[in-house]
Amino acid sequence: MKQAQKPRTGESFGTLGTVTFPVIGVVGGGQLARMMAPAAVALGFELRVLAEAPDVCAVPVVATAPVGDYKDLETLRSFARGVDVLTFDHEHVPNGHLQALIAEGVNVQPRPDALVNAQDKLVMRAAIERLGLPNPAWAAVSSPAEIAAFGDTHGWPVVLKMPRGGYDGKGVKVLRSAADADAAADWFEAMSPLLVEEMVAFSRELSALVARTPSGEARAWPVAESVQVDGVCDEVIAPAPGLPTEVEAAAEAAALRIANELGVTGVMAAELFETPGRAPGFLINELAMRPHNTGHWTMDGSVTGQFEQHLRAVLDLPLGATSALGSIVVMKNFLGGANQDLFSAYPAALAAEPTAKVHSYGKSVRPGRKIGHVNVIGSPNDDVAAVRARATTAANIIKDGA
Ligand SMILES: Nc1ncnc2c1ncn2[C@@H]1O[C@H](COP(=O)(O)OP(=O)(O)O)[C@@H](O)[C@H]1O
Ligand SMILES: [Mg+2]
């Protein structure tokens, strides 16, 4: 019998007659896990979520969502027991726990030796250097004096980063002088060494999004432009307008090479700084190994969205085509703003922009919190500004109220 050759653990939900579907376990119940659910439903997979708390936003959309601490090995172990593959909504699961689970036979994707490059920016910088890919000037520093020495060599300002645990600009600080370096002394109490980087004079930020399977199939989406406001992704335009074809090709090749050489599985975003006049035209900022905010445009704007691709990749299925469905696709985030009752603004937002595809994360509204995004696919005659304006109009109506 077919299923006897390939036993599955999620028999209760995953077995339909003689056909057995896989169970995917996601550690973390934020919006990324939530947005994997429709893709899982479409393909007939079961998605389970290890939730941080009963009220995180993926819980209402999956049937099985135990609440537990992802830093606790026993909790991870019992969650992993029922799943065919374990993957992630965030990068904060202790690497050693994942190694322990693998030793016990759990199928963890991406594997911890790849994931560490998204967990630790110092490890990532060293890996990029080893691969001969473009890094900003950087150093591991253990004291304000070492930051000052770096700034004196490479020029001020410099950017100081917590290597672990940062997100949305938390854990990133611009230092203008040696005095600022002294004032940052408290950061060393939280973590040491820290990462210091040159302050890159980039023209804009880009994102090279790829997916790779354990068997080694890999695909890249068109490189997108990402607009960051106060360290938080605000808008993404794909493909990146006016990006020279050789820079696009080199950025895509770099992301695929990173994925291959580091053994990444699932979706990976390489955040890039565009640096015209400084070969090869970009520097690598950081890596994320999961679906990424800069890839939300693919949900409506690409043949295969990043959430579907992530599930296919971690299950070692063939990957889907990644071409864009419009000449220009814009994603605009909406963060918590004046409007507490998001749905009350839907009639106005949807009426104002019939091309807008709204994705709401089911989160309570708090200032600055990522609570949803809007995708707009441009028509062939649209210019970039018009498509951006449509996405922004819809997002702002929801954020600020009608
Ligand atoms: N070396 C740098 N030079 C200039 N800007 C930087 C540098 N590093 C980070 N930034 C800015 O800070 C943002 C957040 O930094 P990043 O390392 O991506 O942290 P996070 O993990 O919070 O996303 C970047 O998107 C970019 O806008
Ligand atoms: Mg970043």
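Asn 117 is buried, with a relative accessible area of 6%. Buried means under 20% relative accessible area, exposed means over 50%, and partly exposed lies in between, with a 1.4 Å probe and protein chains only as cover. This is a predicted model, in which local features need pLDDT of at least 70, side-chain atom pairs count only at pLDDT 80 or more, and totals for chains, interfaces and linings use all residues. Residues are numbered from 1 along each chain as its sequence is written, chains are lettered from A and ligands numbered from 1 in the order in which they are written, and side-chain values use heavy atoms, with hydrogens and water left out.

Asn 117 sits in helix H6, residues 112-119. Helices (H or I, at least four residues) and strands (E, at least two) are DSSP runs, numbered from the N terminus. What does Asn 117 touch, not counting residues up to four places away in sequence? Its partners are Val 123, Met 124, Ala 127, Leu 262, Leu 287 and Met 289. Contact here means heavy atoms within 4.5 Å.

The rest of H6 is mostly covered too: seven of its eight residues are buried. Among them are Pro 112, Ala 114, Leu 115 and Val 116. The buried residues of H6 pack against strand E5 (85-88), helix H5, helix H7 (121-130), helix H11 (245-262) and strand E15.

**The shell around ligand 1**

Strands E7 (158-161), E9 (194-198), E14 (266-274) and E15 (282-288) each supply at least two residues of the shell. In total, 19 residues surround ligand 1, and the closest are Lys 161, Gly 169, Glu 205, Asn 285 and Glu 286. A residue counts as near if one of its heavy atoms lies within 4 Å of the molecule.

What kinds of residue make up the shell around ligand 1? Seven are nonpolar, four polar and eight charged. In this scheme Ala, Val, Leu, Ile, Met, Phe, Trp, Tyr, Cys and Pro count as nonpolar, Asp, Glu, Lys and Arg as charged, and the others, Gly among them, as polar.

| Protein atom | Ligand 1 atom | Distance |
|---|---|---|
| Gly 169, polar backbone atom | oxygen | 2.5 Å |
| Glu 197, polar side-chain atom | nitrogen | 2.9 Å |
| Asn 285, polar side-chain atom | oxygen | 2.9 Å |

Taken alone, ligand 1 exposes 540 Å², and the protein buries 90% of that. Such areas come from the Shrake-Rupley method with a 1.4 Å probe; for residues, only the protein chains shown count as cover.

Glu 271 belongs to strand E14 and Glu 286 to strand E15, 15 residues apart, so the pair links distant parts of the chain. Glu 271 counts as buried because its relative accessibility is 14%.

Most residues other than glycine have a negative phi, and most peptide bonds are trans. Several places here depart from that pattern. Gln 109 and Pro 110 are joined by a cis peptide bond, with omega about -5°. Pro 110 is in the loop between helix H5 (95-103) and H6. The bond from Trp 156 to Pro 157 is also cis, with omega near -5°. Pro 157 is in the loop between helix H8 (144-154) and E7.

Asp 168 is not a glycine, yet its phi is positive, about 50°. Its loop runs between E7 and strand E8 (172-175). Asp 168 is partly exposed, at 27% relative accessible area. Asp 230 also has a positive phi, near 50°. It lies in the loop between strand E12 (224-229) and strand E13 (232-238). Is Asp 230 buried or exposed? At 73% relative accessibility, Asp 230 counts as exposed.

Helix H13 (residues 306-314) is mostly covered, with eight of its nine residues buried. Phe 307, Leu 311 and Val 314 are among them. After H13 comes Asp 316, with a positive phi near 60°.

Pro 38 is placed in helix H3, residues 31-43. Pro 38 is exposed, with a relative accessible area of 54%.

Technical notes: Polar contact = N/O pair within 3.5 Å; in protein donor to acceptor, adjacent residues only side chain to side chain.
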